[in-house]
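Hi there,

Here is the structure I promised to pass on to you.

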Amino acid sequence: MAKLLQAPRYVDMDRCIACGVCASKCPKKVPDLFNEGLDTRKAAYVQYAQAVPLSYAIDAEHCIYFEKGKCRACEKFCPSDAIDFSQADTTFEIDIGAVILAAGLKPAQARLPELYGYDTCTNVITAMQFERILSATGPYQGHVVRPSDGQ
């Protein structure tokens with residue numbers, strides 16, 4: 001038996017039709033961590049292009065409603081009434097037969113500005129940022145361009 005904690009999405013997955021209206025009406029832009037900060041996303045977002053299930057979520061850490069108690073634009077414009085700010089953490093138990101423990105790694109940070117110019121030159125990028133640039137679902141739709149000017 002394993003006990004799991006599920007964080008709230010603030011979007012009812014059964015009602016969400018993935019139309020994107022919530023994201024288009026959301027006024028808050030934040031760096032898109034999936035694309036390595038090369039572009040921005042809204043506080044109402046889909047994690048990545050091929051996400052399954054294709055359902056939006058609201059980033060409570062950056063949502064204006066959770067920060068200031070105002071806005072709720074996503075809720076006002078959602079055609080399927082899927083926004084639910086009352087959602088809370090849910091704990092549930094599942095039967096399991098095994099647990100796989102994977103330590104995982106984090107990519108090395110390019111924090112040697114005097115050697116590589118990463119912090120001072122916009123066009124010096126990491127290997128992971130280059131992967132996102134080359135990806136068809138990345139910030140430049142697979143076109144090799146400079147991050148500084150998009151050319």
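First, the ground rules. This is a predicted model, in which local features need pLDDT of at least 70 and side-chain atom pairs count only at pLDDT 80 or more, while totals for chains, interfaces and linings use all residues. Residues are numbered from 1 along each chain as its sequence is written, and side-chain values use heavy atoms, with hydrogens and water left out.

The structure holds 5 aromatic pairs (Phe, Tyr and Trp rings, the last by its six-membered ring, with centres within 6.5 Å; planes under 30 degrees apart are stacked, over 60 edge-to-face, the rest tilted). One of them, Phe34 with Tyr48, is stacked, at 5.4 Å centre to centre and 25° between the planes. This pair links distant parts of the chain, 14 residues apart: Phe34 sits in the loop between β2 (29-31) and β3 (40-42), and Tyr48 in the loop between β4 and β5. Helices (H or I, at least four residues) and strands (E, at least two) are DSSP runs, numbered from the N terminus. Phe34 is partly exposed at 32% relative accessibility, and Tyr48 is partly exposed at 35% (buried is under 20% relative accessible area, exposed over 50%, partly exposed in between, with a 1.4 Å probe and protein chains only).

Tyr65 and Phe85 make a tilted pair, because their planes are at 45°, with the ring centres 4.6 Å apart. Here helix α2 (residues 64-68), which holds Tyr65, is linked to the loop between α3 (73-77) and β6, where Phe85 lies, 20 residues apart. Phe85 is buried at 10%, while Tyr65 is partly exposed at 22%. Ring pairs also join these two with Tyr10 and Phe66 in a cluster.

Now the cysteines: there are 0 disulfides (sulfur pairs within 2.5 Å). For Cys63, the nearest cysteine sulfur is that of Cys74, 5.9 Å away; Cys63 is buried at 8%. Cys78 has the sulfur of Cys19 as its nearest, at 6.0 Å, and is buried at 17%.

Ser55, in the loop between β4 (44-45) and β5 (57-58), is buried too, at 4% relative accessibility.

Towards the outside, Ala102 lies in the loop between β6 and α4 and counts as exposed, at 62%. Its C-alpha atom is separated by 26 Å from that of Gly37, 65 residues apart along the chain. Ile96 is in the loop between β6 (90-94) and α4 (113-116), and is partly exposed at 37%.

Best wishes
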